[in-house]
Amino acid sequence: MSELRNPTTGQAPQSPIRAKSEPRFPGGPVADPAGSHHERRIRSFQPRRSRVTAGQGDALERLWPVWGMDIDGHRVLGLDEMFGGLPVVLEIGFGMGEATAQMAAEDPGTGVLAVDVHTPGQGNLLGLAERNGLSNIRVANGDAIILLREMLAPRSLDGLRVYFPDPWPKKRHHKRRLIQPEFLTLAAQRLKPGAVVHCATDWEPYAEQMLEVLSAHPDFENTRDDGGYAPRPGFRPLTRFEGQGLDKGHKVRDLLFRRR
Ligand SMILES: C[S@@+](CC[C@H](N)C(=O)[O-])C[C@H]1O[C@@H](n2cnc3c(N)ncnc32)[C@H](O)[C@@H]1O
């Protein structure tokens with residue numbers, strides 16, 4: 001087969017080269033938008049490149065410019081403007097976003113700022129939001145720590161959801177777990193008094209760690225009088241990771257703590 005060549009230079013076409021920070025989808029989310037992978041900090045996620053379906057890619061190209069935002073760490077978000085004055089909860093690590101979309105649909109009076117680094121999930125959630133006519137979801141791409149630290153104003157959040165965060169079961173990886181005292185101190189600064197932090201996990205040792213650090217933190221109090229885990233509230237749908245945990249016979253724990 002004859003090769004197509006540039007008629008002026010006579011050279012064979014080169015495959016397009018993308019700079020690392022350029023989006024995989026035109027106008028879509030960029031990899032590591034704040035350059036946080038170069039920070040000397042232990043992260044709670046492993047950067048990975050995952051396959052994106054045609055539908056997810058299409059959603060990213062069309063909807064990212066409208067409902068998506070990169071966590072570049074360079075500006076403080078005007079949540080009132082973004083969500084038309086709705087109270088706003090932050091969900092960290094939405095995965096494929098099914099539970100996020102369901103909760104947003106069932107509570108249209110609450111804005112959901114949903115953050116993850118997982119590109120297929122971002123496309124999936126955007127598609128779900130469009131198909132279900134949800135206007136109360138915004139999808140943020142990047143590290144939630146940078147979002148909290150650099151881009152959210154003090155006392156700007158009405159709630160925080162962390163459902164089935166990566167359990168990092170190996171001892172040498174425990175330091176990667178999200179729910180730690182320093183994380184809670186940062187989150188407490190961004191939450192309004194009375195705001196609820198809702199965590200759930202199917203990994204018993206992580207549940208114990210969550211209960212311990214949340215109970216010990218001076219800025220939070222357990223919503224349970226008995227100081228223990230809460231039954232799964234009816235408003236939290238089963239998540240994808242939860243389903244996988246239940247299939248393995250894991251016990252699921254919910255924790256609901258209030259910002260003092
Ligand atoms: C185990 S999955 C759970 C997903 C979903 N909540 C569920 O239950 O199906 C955890 C998710 O958290 C995300 N994640 C972990 N650390 C994060 C961080 N610092 N910022 C943003 N996303 C993070 C991961 O990319 C992953 O998609």
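Is Ser 50 buried or exposed?

## Ser 50

Ser 50 is exposed, because 9 other C-beta atoms lie within 10 Å. Setting aside neighbours within four places in sequence, Ser 50 is in contact with His 118, Thr 119 and Pro 120; contact means that the C-beta atoms of two residues, placed from the backbone, lie within 7 Å.

## About the model

This is a predicted model: local features need pLDDT of at least 70, side-chain atom pairs count only at pLDDT 80 or more, and totals for chains, interfaces and linings use all residues. Residues are numbered from 1 along each chain as its sequence is written.

## Two crossing helices

Helices (H or I, at least four residues) and strands (E, at least two) are DSSP runs, numbered from the N terminus. The axes of helix 1 (residues 54–67) and helix 4 (residues 119–131) come within 8 Å of each other and cross at roughly 75°. Helix 1 is therefore roughly perpendicular to helix 4, a word used for angles of 65 to 115 degrees, while under 35 counts as roughly parallel, over 145 as roughly antiparallel and the rest as oblique. Axes here are lines fitted to C-alpha atoms, for helices over the stretch in contact, and angles run from 0 to 180 degrees between N-to-C directions.

Among the residues making this contact are Leu 60 and Trp 64 of helix 1, and Leu 126 and Gly 127 of helix 4.

## The core

The largest nonpolar core has 63 residues, and Ala 114, Leu 125, Leu 126 and Leu 147 touch the most other members. Helix 5 (residues 144–151) supplies the largest share of this core, 6 residues. (A nonpolar core is a set of buried Ala, Val, Leu, Ile, Met, Phe, Trp, Tyr and Cys residues joined through C-beta atoms within 7 Å.)

Leaving out neighbours within four places in sequence, the contacts of Leu 126 include Ala 59, Trp 67 and Val 139.

## Around the ligand

Which residues are closest to the ligand? Gly 93, Gly 95, Ala 144, Phe 164 and Thr 239 are the closest of the 22 residues that surround the ligand, each with its C-beta atom, placed from the backbone, within 6 Å. Helix 8 gives the most to this shell, with 3 residues.

Conventions
Buried ≥ 20, exposed ≤ 12 C-beta atoms within 10 Å, placed from the backbone.
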